[in-house]
Amino acid sequence: MATIEQKGMYAKFPRSGKNVSFTHYCPGCGHGIINKLIAEACAEMGLQDNTIFVDPVGCGVFTYYYWDASHISAAHGRASAAATGACRARPDAVTIAYQGDGDLGAIGFNNAFQAASRGEKFGCIFVNNSLYGMTGGQMAPTTLAGETTTTSPFGRDTSLTGYPLHVCEVFNQLKAPVYIARVSVADTRRIMQAKQAIRKVFEIQRDKKGYALLEIIAPCPTNFKMDAQKAAEFCINEIEKEFPLGVFRDDTTKAPEESSPVEPSTSPLLAPKTVPLFASCAELFAEKDAIEPAIDDNTFAERRFKFAGYGGQGILSLGLTIAEAARLEKRHTLWFPSYGPEQRGGSANCSVVVSGTPIGSPTVEHPDVLVCMNQPAYERFVGDVREGGIVIVDETVPVKVDPPAGVKLVVWPAIRMAEEFGVPKAANTMMLAALKKLNCTGLSGESLETALVASFKKKPALGEKNRELLKKAEATA
Ligand SMILES: Cc1ncc(C[n+]2csc(CCOP(=O)(O)OP(=O)(O)O)c2C)c(N)n1
Ligand code: SF4
């Protein structure tokens, strides 16, 4: 049998343990056509090795089995948020979010709209089939007035559920997007136009021009309860009447300042910024705090830390101190806090990553170093510590669970020492002493001390006091 060339797609799709060469889409489904157009555009433009697709939850969920490129699978409605992260972390790559009309128009509307408003540099391909396909054909924000769905069995009643949401028209109120268009895949001519528009979205991302939204009207024969031909006709005769096709905006030929018409202001609050409008995070922070960028150093192995205890025990500032010490040594570092709703006394933890090379994710699932100030924290995280890692636990914590094999356990009298030294609040500094003495941060003692003092920037006397306590704890324990 002759094989059909599948540009940009894997040759086989290993779904459900089977190695098949057909997709999971129903016959006549618009997603199938769109998936092929996207794969072709990506391959023809030579972008496969530099493209990050952000996949939705919806019928488009399995695109990671089909498109031969990098993928992030986002939670339902969060593809634009995940794409924001991807395009900021990898400004050199082409980022494309793929979303359905339930995904983008309902649960995910705000994060998609805000990403567009910020002019994030990704392309959003938005498949509008007028309902929730994957979950059985429920009403979506895009459902037509009078359209029958499983949750509008007598037709959408606009007096109860409002009117169809016009995503392109709403996004067209924003300043930042550079391209907004609506196409359809309901017949061959439309498919050819859709392909051109998809290429345009890729071009915009390749050339770093800004945010692009492409809505694609697509048939869902299964939930329209029609054959493929009738479903395509329904798109042309009904959906496109409500959602006219066309280019709403194309600022791609204009210079960036023309497409973002911000009038200069004399107000000090609105003083012209020296950073470009869409500067990367790193540039913005560097500008704000004059922070020197980290230096890449492949010889410094990444270390992942978790600090956990109750709110008020200084857990978050202990993590910040490590991150600050890393910054002083020009290491890449991320600090990621997590705490319960209580202001004080609830559980609190933070993750810190210190690395010689850029860090992909701030979350720490398997720490090399775990510091626990209470029993719940110990019991929750001890099993996650990586082999060869270390757990430092306050001596007040009953150690009822052993750490995993190959993990060193150090019981440290942080709370007792802080009390004995007359500064009970300094238990976190006592823990810093343990980290310093055990030499498990990969950072110099000098940086740790400087970072500790810096953490009391607003109360310099306390900074020096804590430096003294740090030294005393090292000498005592
Ligand atoms: C947080 C969350 N809420 C709800 C769901 C259930 N859910 C899965 S897909 C979906 C809607 C899919 O519709 P759409 O985004 O229009 O994509 P389609 O399947 O039509 O392509 C919903 C509500 C979920 N998976 N996660
Ligand atoms: S249910 Fe609809 S959207 Fe989902 S695969 Fe089938 S035809 Fe496509």
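Mentor: A salt bridge is a side-chain nitrogen of Lys or Arg within 4 Å of a carboxyl oxygen of Asp or Glu. The model under discussion is predicted.

Trainee: Which residues are linked in a network of salt bridges?

Mentor: A search of the whole structure finds 26 salt bridges. Some of these residues are joined in a network, and its members are Lys7, Lys36, Glu40, Glu44, Lys195 and Arg199.

Trainee: How many residues apart in sequence are the parts that Glu120 and Arg88 tie together?

Mentor: The side chains of Glu120 and Arg88 form a salt bridge with an N to O distance of 2.8 Å. Glu120 belongs to the loop between H5 and E4, whereas Arg88 belongs to helix H3, so the parts tied together are separated in sequence by 32 residues.

Trainee: In the salt bridge of Asp187, how many Å apart are the closest N and O atoms?

Mentor: Asp187 is partly exposed at 26% relative accessibility, while Arg190, at 10%, is buried. These two residues form a salt bridge, and the separation of their closest N and O atoms is 2.7 Å.

Trainee: Which residues is Thr363 in contact with, leaving aside its neighbours within four places in sequence?

Mentor: Thr363 lies in the loop between strand E12 (347–355) and strand E13 (369–372), and its relative accessibility of 36% makes this residue partly exposed. Its C-alpha atom is 6.3 Å from that of Ser351, twelve residues away along the chain. Once neighbours within four places are set aside, the contacts of Thr363 are Arg304 and Phe336.

Trainee: Which helix gives the most to the shell around ligand 2?

Mentor: The residues around ligand 2 include Tyr25, Cys26, His31, Asn129, Pro221, Thr222 and Asn223. By class, this shell has six nonpolar, five polar and no charged residues. With three residues, the leading contributor is helix H9.

Trainee: Is Asn129 buried or exposed?

Mentor: Asn129 is found in the loop between strand E4 (123–128) and strand E5 (131–132). Beyond four places in sequence, Asn129 touches His31, Asp101, Ala218, Cys220 and Phe224. The relative accessible area of Asn129 is 7%, so this residue is buried.

Trainee: Which elements do the buried residues of H5 pack against?

Mentor: Helix H5 (residues 109–118) has as its buried residues Phe109, Asn111, Ala112, Ala115 and Ala116. An α-helix has 3.6 residues a turn, so residues three or four places apart point the same way. The packing partners of the buried residues of H5 are helix H3, strand E3, helix H4 and helix H7.

Trainee: How many of the eleven residues of H16 are buried?

Mentor: Among the buried residues of H16 are Ala427, Met430, Leu435 and Lys436. Just after H16, Asn439 takes a positive phi of about 55°. H16 is mostly covered, and of its eleven residues the buried number is ten.

Trainee: Which helices do the buried residues of H17 pack against?

Mentor: In helix H17 (residues 445–454), the buried residues are Ser447, Leu448, Glu449, Ala451, Leu452 and Val453. They pack against helix H13 (315–328), helix H16 (427–437) and helix H18 (460–476).

Trainee: Which residues make the nonpolar surface patch of about 200 Å²?

Mentor: One member, Leu409, is found in strand E15 (residues 408–412). Leu409 is partly exposed, at 32% relative accessible area. The patch is made by Val399, Leu409 and Val411.

Trainee: Of the 477 residues of the protein chain, what percentage count as buried?

Mentor: The protein chain has 18 helices and 15 strands. Of its contacts between residues at least 6 apart in sequence, 63% join residues at least 24 apart. The share of the 477 residues that count as buried is 47%.

Terms used:
Residues numbered from 1 in each chain as written. Chains lettered and ligands numbered in written order. Predicted model: local features only at pLDDT ≥ 70, side-chain atom pairs only at ≥ 80, totals over all residues. Heavy atoms only, no water. Buried < 20%, exposed > 50% of the residue type's maximum accessible area, 1.4 Å probe, protein only. Helix = DSSP H or I, 4+ residues; strand = E, 2+ residues; numbered from the N terminus. Contact = heavy atoms within 4.5 Å. Near = heavy atom within 4 Å. Nonpolar A, V, L, I, M, F, W, Y, C, P; charged D, E, K, R; others polar. Patch = residues over 30% accessible without salt bridge, like charges linked within 9 Å, V, L, I, M, F, W, Y side chains within 5 Å. Areas by Shrake-Rupley, 256 points an atom, 1.4 Å probe, with all protein chains shown as cover.
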